[in-house]
Amino acid sequence: VGLGLNIHERGDETVKDSTYVGFLILTFLGACLAWTLVDAKDVVRRDGSRIILMKHPTWKTEILGLWETLRTDPYVILLFPMFFASNWFYTYQYNDVNAAQFNTRTGALNNTLYWLAQMFGALIFGFALDSPNVRRTTRAKAAWTSLCALTFIIWGGGYAFQRKYTREDVALEGHKLYDWTSSGYIGPMFLYISYGIYDAVWQTCVYWFMGAITNNSRKLANFAGFYKGIQSAGAAIIWRLDGLQNSPPPYMNLFASCWALLAGSLVIALPVMILKIKDTVPVEEDLKFTDETIEDVIGDRFTYDSPEQKMA
């Protein structure tokens, strides 16, 4: 949308109002599509088992559930730095790389490539993490190792690019911005695509790590609540730091904070990968956090490949 509406903007101009209108329409349509999802209580897996839920949730049980999660699963705190880092780098990438070094239409192209790369990154890692031919514990360790490698390869390339300019350079009148026709654009373009892949891999792995710990949807909802809340707090903090009027931090400082948070949070989360992710989780263990019984979840076991086979 942004690229199509600003394809002729070669200067450092803000995007057109129609860009925001287009995003609002798409957001509204996406919200409407959410109503087409099947209720979790009606989902039946191929083996006949059902989703683990709270049969009688109240606002009180949901609020207390956050505390119960920390009390029964304190190891989740080791994932909090990963949660905090997961959106921290957005401000740096959007404002201090894309907006600082590329003109309007090239920035729109970068964003298009960034999110396309996210789709492919999430697709590839999603299928790899769900591979039934590899033990879950092995997949967890492989995912952690891959994140470590990508953190140093991609952000190492980002360090080389960040060394070429400062906030003071960008503030100078006549600062030259990259256009997609500029010589030397290809390298930064692939760096930005790599940032998009990395973002998708990080988010996919964090969600998978949480899902690999338990099959209890109530506990997972609390994990996700911590994730999104802490993630948003991190994003708000760096957005404010980057927007300081009198003395905003140098670009290199913000870059370093991103790289350090990502690398450090992986180290802190390593015990969870090694000790808490198992190949299987007993149903009895998952049911401890709900008011359901084994009969509610397992039901009558059956396997079918299609509605016709089920009816037969």
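Helices (H or I, at least four residues) and strands (E, at least two) are DSSP runs, numbered from the N terminus. The model is predicted, so local features need pLDDT of at least 70 and side-chain atom pairs count only at pLDDT 80 or more, while totals for chains, interfaces and linings use all residues. Residues are numbered from 1 along each chain as its sequence is written, and side-chain values use heavy atoms, with hydrogens and water left out.

View 1. D179 is found in the loop between α8 and α9 (186-213). With a relative accessible area of 5%, D179 is buried, where buried means under 20% relative accessible area, exposed over 50%, and partly exposed in between (1.4 Å probe, protein chains only). The side chain of D179 makes a polar contact with that of T181 at 2.7 Å, a polar contact being a pair of N or O atoms within 3.5 Å, of which, within protein, one must be able to donate a hydrogen and the other to accept it, and for which residues adjacent in sequence count only if both atoms are side-chain atoms.

**View 2. The salt bridge between K219 and D73****.** The structure holds 4 salt bridges, each defined as a side-chain nitrogen of Lys or Arg within 4 Å of a carboxyl oxygen of Asp or Glu. One of them joins the side chains of K219 and D73, at 3.2 Å from N to O. Because K219 lies in helix α10 (residues 217-242) and D73 in the loop between α3 (59-72) and α4 (80-85), the pair ties together parts that are 146 residues apart in sequence. K219 is buried at 9% relative accessibility, and D73 is buried at 6%.

**View 3. The salt bridge between R135 and D279****.** The side chains of R135 and D279 meet at 2.8 Å, N to O, in a salt bridge. R135 belongs to the loop between α6 (104-129) and α7 (136-162), and D279 to the loop between α11 (251-276) and α12 (283-287), so the pair ties together parts that are 144 residues apart in sequence. R135 is exposed, at a relative accessible area of 54%, whereas D279 is partly exposed, at 30%.

**View 4. The salt bridge between R167 and D242****.** In this salt bridge the side chains of R167 and D242 meet at 3.0 Å, N to O. Since R167 lies in helix α8 (residues 167-171) and D242 in helix α10, the pair ties together parts that are 75 residues apart in sequence. R167 counts as buried at 16% relative accessibility, as does D242 at 10%.
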